[in-house]
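Here are my notes on this model, as numbered points. Please keep the structure open while reading.

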Amino acid sequence: MRFSKKRMSGDRDGGIEGLPLQLMIMVIVAGLGTAILVGWMGGLSAPEAIASVNGSPTEILLSDGDGDGTFENDDAKLTIIVRDQNGDPVEGASVVLDGCEVRNSDGSLVYGTTGADGKVTFDGLSVSHFGNGIGFITVTVAKGGMGTDSSLQVPVICR
């Protein structure tokens, strides 16, 4: 009886339980590659982002004391609170207020920077709106590496 030598590299029919050897190797490599990628991605964390911007009070009231149709408030106060996706305060975020002719007491544009508590407070604001109705102050918050958020609009109510 004579035995012939069989080379594995040329044996496309070899394998376990009917699976060709090349297919088994490909399945093992794919499984290892997937395990490595899943392990690597599990260690990634989401980038920091501005998640919430809230204001207090939630509305600013104006009145027309002289009856000329322009509703005003020359001593409004607004506190803005900025938090990240974990609910932690965002320090160093730039905050800009725009709309309803909002200005500082000296007539300058209203902007500030949040402190360690994620808050910035604007005191003595001048706000005006012509005609009876509702206006809005848009709050824009930005911080490098965290993006920009302009989702908060504070209602200005004429009464």
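1. Start with serine 128. This residue lies in strand β6, which covers residues 119–130. The model is a predicted one. Is serine 128 buried or exposed? Its relative accessible area is 18%, and the limit for buried is under 20%, so serine 128 counts as buried.

2. Next, the surroundings of serine 128. Leaving aside residues up to four places away in sequence, serine 128 touches Leu62, Thr70, Phe71, Glu72, Cys100 and Glu101. Two of these names, Cys100 and Glu101, return in the next point.

3. Cysteine 100 sits in the loop between β4 and β5. Glutamate 101 is found in the loop between β4 and β5 too. Phi of cysteine 100 is near 55 degrees, a positive value in a residue other than glycine. Phi of glutamate 101 is near 50 degrees, again positive and again not in a glycine. Most residues other than glycine have a negative phi. Please look at both backbones.

4. How covered are these two residues? Cysteine 100 has 13% relative accessibility and therefore counts as buried, the limit being under 20%. Glutamate 101 has a relative accessible area of 54%; exposed means over 50%, so glutamate 101 is exposed.

5. Now the strands on either side of that loop. β4 and β5 pair in the antiparallel sense over four bridges. Valine 95 stands opposite glycine 112 in β5. Strand β5 spans residues 110–113. The covered face of β5 holds Val110 and Gly112. Its uncovered face holds Tyr111 and Thr113. Why does the list alternate? In a regular strand the side chains alternate between the two faces of the sheet.

6. β4 has another partner to check. Strand β4 (residues 94–98) pairs with strand β7 (residues 134–143) in the antiparallel sense, over five bridges. Within this pairing, serine 94 has alanine 142 of β7 as its bridge partner.

7. Follow β7 onward. β7 pairs with strand β8 (residues 147–158), antiparallel, over nine bridges. The bridge partner of glycine 135 in β8 is valine 156. β7 and β8 form a hairpin, with three residues between them. Glycine 145 is in the turn and has a positive phi of about 85 degrees.

8. Which bond joins serine 56 and proline 57? A cis peptide bond does, with omega about 0 degrees. Proline 57 is placed in the loop between β1 (50–56) and β2 (60–62). Most peptide bonds are trans. Please inspect this one.

9. Aspartate 117 is in the loop between β5 and β6. Its relative accessible area is 40%, between the limits of 20% and 50%, so aspartate 117 is partly exposed. What lies across from it in space? Aspartate 117 and arginine 83 are 34 residues apart in sequence, while their C-alpha atoms are 9.2 Å apart.

10. Turn to the helix. α1 covers residues 21–42, and isoleucine 25 lies in it. At 1.5 Å a residue, the 22 residues of α1 should span 32 Å. The end C-alpha atoms are 32 Å apart, which agrees.

11. How many residues of α1 are buried? The count among its 22 residues is zero, and α1 is hardly covered. Isoleucine 25 has a relative accessible area of 47%; this is not over 50%, so isoleucine 25 is partly exposed rather than exposed. Leu21, Ile25 and Val29 make a nonpolar surface patch of about 250 Å².

12. Last, the chain as a whole. The protein chain has one helix and eight strands. Read along the sequence, the pattern is α-β-β-β-β-β-β-β-β. Of the 159 residues, 26% are buried. Among contacts with a separation of 6 or more, 64% join residues 24 or more positions apart. The accessible surface comes to about 10600 Å², and 55% of it belongs to carbon and sulfur atoms.

Terms used. Residues numbered from 1 in each chain as written. Predicted model: local features only at pLDDT ≥ 70, side-chain atom pairs only at ≥ 80, totals over all residues. Heavy atoms only, no water. Buried < 20%, exposed > 50% of the residue type's maximum accessible area, 1.4 Å probe, protein only. Contact = heavy atoms within 4.5 Å. Areas by Shrake-Rupley, 256 points an atom, 1.4 Å probe, with all protein chains shown as cover. Patch = residues over 30% accessible without salt bridge, like charges linked within 9 Å, V, L, I, M, F, W, Y side chains within 5 Å. Salt bridge = Lys/Arg side-chain N within 4 Å of Asp/Glu carboxyl O. Pairing = 2+ DSSP bridges. Expected span 1.5 Å × (residues − 1).
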